[in-house]
Amino acid sequence: MKELSRQWKEGAAKNITFIVTKDCQLACKYCYLVGKNSRERMSYEVAKEAVDYVLNHEKDFPEKSVIWDFIGGEPFLEIDLIDRIVDYIKTELYMRNHHWFDSYMFSFSTNGLNYHTEKVQKFIEKNKSHLSIGITIDGTKQKHDLNRIYKGGNSSKERGSYDDVVQNIPLWLRQFPNVGTKVTISSSDIPYIKDSVIHLFSLGIHNVSINCVFEDVWKEGDDKLFESLLLELADIIIDDGWYEENACSFFSEMIGKPLDSKKNNQNWCGAGMMLAIDAAGNFYPCTRFAAYSLRSKKPIIIGNVRDGINKNLLRPFLSLDRTTQSPQKCIDCEVASGCAWCQGENYDAARTNTIYERSTAICLMHKARVRANNYYWNKLYRKLELEGMREEFEKNKRESRPFIC
Amino acid sequence: MLQYLIILLDDTATSFCHYLNPSKKRNLIPQETLKQGIRFAMMENLTIQFVYPEYKLPKGYEKIIDSIDHTKIMPFCAEYDHEADVYVADENNIVEILNVNRCFSTIVLRVSQYFLLNNIESIRHLIHKTDRLNISIVDIDSFNEEDFNQYSSALQILSQELQSQYKSGKTRQLNILTDRLFLTKMNNCGAGDTVVTLAPNGKFYTCPAFYYEDEADNLGNLEQGLNIKNAQLYKIDFAPICRHCDAWHCNRCIWLNKKTTLEVNTPSREQCTVSHIERNASKDLLERLCEQGFKFPNNSISEIYYLDPFENKELWQQENL
C-alpha cells in the first residue's frame with residue numbers, strides 16, 4: 001500500500017489556526033461543532049492583532065516553519081477576509097525578515113462547495129505554492145449524503161451535498177494532485193465504508209485518511225459490523241490491486257502492537273502545541289477547546305490577542321503524556337499502537353474538568369480495526385510472496401501513517 | 001492513601017494555608033454533623049485536624065471534639081491562649097508573638113510575598129519563638145523575576161539564623177528551609193490524596209479552599225460517603241512535572257494548581273520556581289550544617305541548573321526513550 005501523504009513539515013511546524021467563521025452551508029450530522037452560528041465572524045482587525053502578537057513574540061514560536069490554518073465552519077465563506085490576512089502575513093514575514101519567511105504554508109479544510117468560485121480560484125492562483133487544501137468527501141453519494149446535508153432542511157426534506165462537491169473534485173485534483181481527503185465514520189456510516197473508500201480511490205483521490213469519531217456514539221454490534229466490512233475492503237484492495245497506487249489509513253503496519261509505558265509515552269494529540277484564535281481574539285490550545293466545540297464543558301481560553309498567552313495554562317497540555325491520562329486497560333492493552341484520542345473530546349467527556357482522563361469510547365472499534373488490519377497484511381504479504389514480489393515491495397514500501405486529526 | 005480529615009468547625013474557620021477565607025458570616029457545624037464526621041474518621045482510621053473560628057465554640061462542642069485524638073488549628077487570638085497545637089498568624093500578629101514570653105510549638109504564618117520580602121528581620125526573630133514555623137505565602141502566583149531574586153536573598157538571611165540556632169543546640173524548623181533536609185521523597189499538601197476536608201454542610205471537599213470557591217465542587221457527603229472522581233490525579237505518579245522533581249518539600253498546593261493551570265496535578269511556573277529557590281537554599285544550608293557535623297537522611301542535595309522542572313521537560317521526556 002502506498003504511503004499516505006504526510007503533513008507538510010510534520011512535527012516541525014507551528015500550527016496557527018484562525019477560526020474565521022462559525023458558519024457553514026452544511027449541517028453535518030456528525031459535526032462536533034455544537035455551537036455553529038452565522039454571527040461570529042472574525043474581523044480583519046482581530047486577525048491582524050493575532051498575526052502581530054505571534055510575529056512580535058518570535059522567541060516564543062521557535063518552530064522552523066509555520067502552518068497558518070483557516071477553519072470554520074466553512075472557511076471559504078470568508079475568502080475576502082482570508083485573502084487580506086494572507087497578504088498581511090506574507091508582507092510582515094518579509095518586512096520583519098522573520099525566520100518563517102519562505103517556510104510557511106496556508107492550510108484549509110473545506111467542504112468544497114465554493115471551491116470553483118472565482119474568488120477562491122483567484123486566491124489559489126495567487127498563493128498556489130504555499131497552499132494545502134483538503135476537501136472533505138465521505139465516499140459514495142449515499143454515504144456522503146447520509147450525513148453531509150445542507151442546513152435548514154427538515155428530516156423529511158434533507159438535501160445532501162455530494163453532487164455539489166464531487167463536481168469540484170477534478171479541478172481540485174488537477175491543482176493539487178497529491179492531496180488526500182479525510183473521512184469520518186460514525187455509527188450509521190459503517191455499512192458504507194467499503195464502497196466509499198473504493199469510490200474515493202476511483203475518483204482519483206489516492207490518499208484516504210479515515211477515522212472513527214472519538215465521541216461515545218457507538219452501538220452494540222458496531223465493532224463486529226465494522227470488522228466484517230473492513231475484511232471485505234481488505235479483500236477488494238488486495239484482489240483488485242488498489243494497494244499499488246492508493247493508501248487508506250485503516251490499514252497500517254504501525255497499528256495494533258503493545259506500547260512500552262516509558263519508551264512509547266508520547267502524547268498523541270497536538271493540543272497546546274498549536275494555537276487557535278477565534279473571532280473575539282481569544283486564544284485556545286486547539287479549536288476543540290473553543291465553546292462551539294464543547295458539549296458539556298467550559299471553553300479553555302489560554303489568552304487573547306491583547307494580553308498574550310498565559311503560559312501557565314499551557315503547562316498541562318505540554319507535559320501531558322500517554323500513560324498519565326490513560327486508564328490501566330489502555331496501558332496494558334496488547335494492541336495499543338494506533339489507538340488515537342482527541343484531547344478536546346477527552347476533556348468534554350471527562351468526569352471532572354480535566355484533560356487528563358482519556359475517553360475510551362473507540363476501544364472496541366480500534367480492536368476491530370486491528371483484527372482486520374492483521375488480516376490485510378497477512379493476506380497482502382502472502383500474495384506478494386506467491387508472486388515473488390515481497391522483496392521488492394519491502395524494499396520500496398514506506399510506512400503508512402495513522403490518521404491524526 | 002487517606003490519612004487525615006480536616007474538619008472546618010465554622011464557615012469562618014481560620015485559613016491556615018494559601019487560600020483566603022472570604023466568609024464573614026458564622027455557620028457553625030451542627031453537633032450531629034460533627035459527631036458523624038468523627039465517626040467517619042474513626043472508621044477510616046483518619047487523624048482529625050479541627051480548624052477553629054475566632055470565636056469560642058458553644059457549650060458541648062469541646063466534649064465532642066475531645067472524644068477523639070486530634071490536632072487543633074486555631075487563629076492566634078486571645079480566645080485560644082495555650083489551647084492550640086497549631087496557631088495561625090498573619091502579619092498583624094507578629095509583634096504580639098514576639099512580645100509573648102513563651103515559645104510556641106507550631107506557628108503557621110500567612111503573609112504576602114511583599115510583606116515577607118520587606119520584613120525579613122521580623123520573620124528572622126520569629127524563628128526564636130516557635131519550634132516550627134510554617135510560612136505560607138498567600139500570593140505565590142504573583143511572583144515576578146525581581147521577586148524571585150529578592151526571595152533568594154531573603155532565604156539566605158533566614159538560613160544564617162537557622163544555622164546559628166543549630167550551632168547553639170536549637171534545631172528549629174522552618175518549612176521552606178529545613179523540611180527538605182529531612183525528606184527522602186515528595187511530601188506535599190496531599191489534598192485529595194492523603195487528606196480531605198469536611199465542611200459544616202456535611203460534605204467533603206478536596207481542601208477548605210475548594211469549599212470556599214464552589215460549594216458544589218464536593219467529593220461526596222457523610223451520608224453517601226467519599227466519592228473522589230479521578231482520584232489518581234491527586235497522586236504524584238499522575239503529576240507529569242512533579243514526579244520528575246526533587247523539591248520534595250514543595251507545598252504543591254492542589255488548589256493553586258487548579259487556580260493557575262486549571263489542572264490539580266500541574267503546578268504553575270511561580271510555584272515551581274519558588275520551591276526550587278527554597279530547595280537550592282536548603283542545599284546550601286545542608287552543606288554548611290554537614291560541615292559542622294550534623295547528620296541528615298541525605299548529606300547532599302544535587303546541583304541543578306533550572307528553577308522550573310517544566311523547562312527541563314525535554315530532558316526527562318528523552319530519558320524515557
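These legends accompany close-up views of a predicted model.

**View 1. An open three-stranded sheet in chain A.** The strands of this open sheet follow the order β5-β6-β7 (chain A), and their pairing is parallel. β5 (180-185) and β7 (247-248) of chain A stand at the edges. Each has a single partner strand, so one side of each is left without a neighbour in the sheet. Strands of a sheet pair through backbone hydrogen bonds, in a parallel or an antiparallel sense.

**View 2. The pairing of β5(A) with β6(A).** Strand β6 of chain A covers residues 207-212 and runs parallel to β5(A). Six bridges join the two. Which residue stands opposite K182(A)? S209(A) in β6(A) takes that place.

View 3. Strand β2 (residues 47-51) of chain B pairs with strand β3 (residues 70-75) of chain B in the parallel sense. Four bridges link them. Here V51(B) stands opposite I73(B) in β3(B). β3(B) is also joined to strand β4 (residues 86-90) of chain B, by three bridges, and these strands run parallel. In that pairing, P75(B) stands opposite V88(B) in β4(B).

View 4. Helix α10 of chain B runs over residues 269-291, which makes 23 residues. At 1.5 Å a residue, the helix should span 33 Å. Just after α10(B), G293(B) takes a positive phi of about 95°.

Terms used
Residues are numbered from 1 along each chain as its sequence is written. Chains are lettered from A and ligands numbered from 1 in the order in which they are written. This is a predicted model: local features need pLDDT of at least 70, side-chain atom pairs count only at pLDDT 80 or more; totals for chains, interfaces and linings use all residues. Two strands pair if DSSP finds at least two bridges between them. The expected span of a helix is 1.5 Å times one less than its number of residues.
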